[in-house]
Amino acid sequence: MNETTSESKDSVYKTLCKVGGSASLLFLIYSMITMVILTVFGVQPNTAIECFTMLQTNHILGLLRMDLLTAFVMPLYLLIFLGIFIALKGSDSAYSIIAIICVFVGVTLFIATPSALAMMNLRDQYAMATTEIEKNQLIAAGEAILSADMFHGTGAIIGRFLIQVGALIFSIEMLRGKTFNKFTGYVGIIAHGLDLVHLIFMLIMPAAGNILMAIAGTLYLLWFPFVGVRLIQIGKKVTISI
């Protein structure tokens, strides 16, 4: 490989690190907005008819409560962990390769499940329905969509599980080198580890799972900025070769 090609490749890696760092900071902002929405306005309703009513009353707020924002923001995870993979020189580690595959597959499964727009369409049909039979059919369709959304669907749960497995592996890999400080690695291990356990508890002890998620969510407010700032620093200063 000649020097020009090497410099060009290094420039691409630096750019991807900076993009990943910026994505991490954007994800921090999204996390804070989501916390405000859930705290002030509440979580997604439990039934289809409640969702229809909510969307009818205020469809923008309704879509936000149904996590439409998450569907658009989750692809940032791909950029964040690609940046981490490059910064850690992941091609040198089988664990990092497994981690990036887990994250990419997990995000793909997860973003296929959001139900907000589908519920919006059903809400429009429900508002125009003229018979009880039509309304009951639309309510049943809404319940089916809710049962397969990002909080309950098998694909979404498996996707979230894979994302957390990949993130946990990357956090452990951070401890093995000097690219990221140890604190970032430990915070990542605790946050993603709790999130992973939360997914298991969610199936058997939902209340305990919610507590674990609340703790993990707080730690993410530390992890995302530490990762974001470090990736941007790497993209500006360090020669990268993977």
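Visitor: How many helices and how many strands does the chain have?
Guide: Let's begin with the definition: helices (H or I, at least four residues) and strands (E, at least two) are DSSP runs, numbered from the N terminus. This is a predicted model, in which local features need pLDDT of at least 70, side-chain atom pairs count only at pLDDT 80 or more, and totals for chains, interfaces and linings use all residues. Residues are numbered from 1 along each chain as its sequence is written, and side-chain values use heavy atoms, with hydrogens and water left out. From the N terminus the elements run α-α-α-α-α-α-α-α-α-α-α, and the count is 11 helices and zero strands.

Visitor: What share of the residues in the chain is buried?
Guide: Buried means under 20% relative accessible area, exposed means over 50%, and partly exposed is in between (1.4 Å probe, protein chains only). Of the 242 residues in the chain, the buried share is 45%.

Visitor: How many disulfides does a search of the whole structure find?
Guide: A disulfide is a covalent bond between the sulfur atoms of two cysteines. Here the rule asks for a pair of cysteine sulfur atoms within 2.5 Å. C51 counts as buried because its relative accessibility is 0%, and C102 counts as buried because its value is 13%. For disulfides, the search of the whole structure gives zero.

Visitor: Which helix gives the largest share of the nonpolar patch?
Guide: Patches are made of residues with over 30% relative accessible area and no salt bridge; like charges are joined within 9 Å, and nonpolar side chains (Val, Leu, Ile, Met, Phe, Trp, Tyr) within 5 Å. Accessible areas come from the Shrake-Rupley method with a 1.4 Å probe, and for residues only the protein chains shown count as cover. On the surface, I97, I101, V105, L109 and I158 form such a nonpolar patch, with about 380 Å² of accessible area together. The largest share, four residues, comes from helix α6 (residues 94–110).

Visitor: Is I101 buried, partly exposed or exposed, and what is its relative accessibility?
Guide: I101 lies in helix α6. It counts as partly exposed because its relative accessibility is 47%.

Visitor: What is the angle between the planes of Y220 and F224?
Guide: Rings of Phe, Tyr and Trp (its six-membered ring) pair if their centres lie within 6.5 Å; planes under 30 degrees apart count as stacked, over 60 as edge-to-face and the rest as tilted. By this rule there are 11 aromatic pairs. Y220 and F224 form a tilted one, 5.6 Å centre to centre, with a plane angle of 40°.

Visitor: Why are Y220 and F224 separated by about one helical turn?
Guide: Y220 is buried at 8% relative accessible area, and F224 is buried at 1%. Both belong to one aromatic cluster, which also includes W223. They are about one helical turn apart because they are four residues apart in helix α11 (residues 206–237).

Visitor: How far apart are the N and O atoms in the salt bridge of E173 and R176?
Guide: A salt bridge is a side-chain nitrogen of Lys or Arg within 4 Å of a carboxyl oxygen of Asp or Glu. E173 and R176 both lie in helix α9 (residues 154–176), three residues apart. E173 counts as buried at 10%, whereas R176 is exposed at 59%. Their N to O distance is 2.7 Å.

Visitor: Which residue forms a salt bridge with D124?
Guide: The whole structure has two salt bridges. D124 is partly exposed, at 31% relative accessibility. With the closest N and O atoms 3.2 Å apart, the partner of D124 is R123.
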